[in-house]
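Have the sequence and the 3D view ready.

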Amino acid sequence: MQTHGKGVMVQGKSVQRTIVVISAGLGVPSSTRMLADQLAAAVATHLGELGAEAVLDVVDLRDYATDIANNMVTGYAGPALADVVKRVADADAMIAVTPTFSASYSGLFKSFFDVLDPKFLDGMPILFGATGGSPRHSLVLDMAIRPLFSYLRAHTMPTAIYASPEDWGQSGTDSLDRRIAQAAGELAAVLAPRATASEATSSGTTAYGMTTASSDGPAVGFAPDHKAKRANRETTEMTSLPFEQLLAQTQRR
């Protein structure tokens, strides 16, 4: 687990946000991992400016390819994959990046999300991106990846990042660095610490850059809705089923 950014004391406590970084890159080095790292670093920088410390937990799916395949055919996660699933569950947000194959996300990327509970990411803030060998594949962002996360009911950021070989090292108004900064700022704003009415300025802007409707309004900023939803679902849906029904559920997968 890697920690980036500078912690800021808020009401006597250092505020931290854990961001799990999922990279489906296959090579070493990998342009997919490179993009994931740049997105994570940019989010950490923006989040530090907004009053929180980013704790980055990087997961290279290539290291768990066999475990993911075994889970697909058996319905059970091995210890290593189960640990990754727990790390995702404990995170406040996610950055996910995949290489592009045949105009879509990679099979490894999709398989990882297939082994998660369909409602696992409900409400989780997610910034996603993709890499590819040609700018022509940039539609993968909105034609394949965004629908996947929409189905999983994740809270996706408006800006997604696609990087082709021509993008690395370029400058200008539409450079990769500028697009990364835009997307990172969006996720950081969602994760910004809550601000109370007493912390709002007379202009209606909180000490962390978040805007309130009025100085007497409710606190605004980040709330881990996906964790609350998951806990509520586990409580309301918890039931003991006969072994035959549990086995039938597994076989249907």
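## The main core

The largest nonpolar core holds 37 residues, and those with the most contacts inside it are Met94, Phe112, Phe113, Leu121 and Phe149. A nonpolar core here is a set of buried Ala, Val, Leu, Ile, Met, Phe, Trp, Tyr and Cys residues joined through side-chain atoms within 4.5 Å. Buried means under 20% relative accessible area, exposed means over 50%, and partly exposed is in between (1.4 Å probe, protein chains only). At least two residues of this core come from each of β4 (16–23), α3 (79–90), β6 (93–101), α4, β8 (125–131) and α5. The largest share, six residues, is from α5. As for the labels, helices (H or I, at least four residues) and strands (E, at least two) are DSSP runs, numbered from the N terminus.

Quick note: this is a predicted model, where local features need pLDDT of at least 70 and side-chain atom pairs count only at pLDDT 80 or more, while totals for chains, interfaces and linings use all residues. Residues are numbered from 1 along each chain as its sequence is written, and side-chain values use heavy atoms, with hydrogens and water left out.

## Phe149 and a second core

Now zoom in on Phe149. Not counting residues up to four places away in sequence, Phe149 touches Ala96, Phe109, Phe113, Leu121, Ile126, Phe128, Ala154 and Thr156; contact means heavy atoms within 4.5 Å. There's also a second, separate core of 30 residues, with Val21, Val43, Leu47 and Leu50 among them.

## α4 beside α5

Helix α4 (residues 107–114) and helix α5 (residues 140–151) have axes that come within 12 Å and cross at roughly 5 degrees. So α4 is roughly parallel to α5 (angles under 35 degrees count as roughly parallel, over 145 as roughly antiparallel, 65 to 115 as roughly perpendicular and the rest as oblique). Axes are lines fitted to C-alpha atoms, for helices over the stretch in contact, and angles run from 0 to 180 degrees between N-to-C directions. On the α4 side, Phe109, Lys110 and Phe113 make the contact, and on the α5 side it's Ile145, Leu148 and Phe149.

## α2 across α4

Helix α2 (residues 65–74) packs with α4 at an angle of about 55 degrees, and their axes are 10 Å apart. That makes α2 oblique to α4. Here α2 contributes Ala65, Ile68 and Met72 to the contact, while α4 brings Leu108, Ser111, Phe112 and Asp114.

Is Asp114 buried, partly exposed or exposed? At 30% relative accessibility, Asp114 counts as partly exposed. Asp114 and Ile68 are 46 residues apart in sequence and 9.2 Å apart in space, C-alpha to C-alpha.
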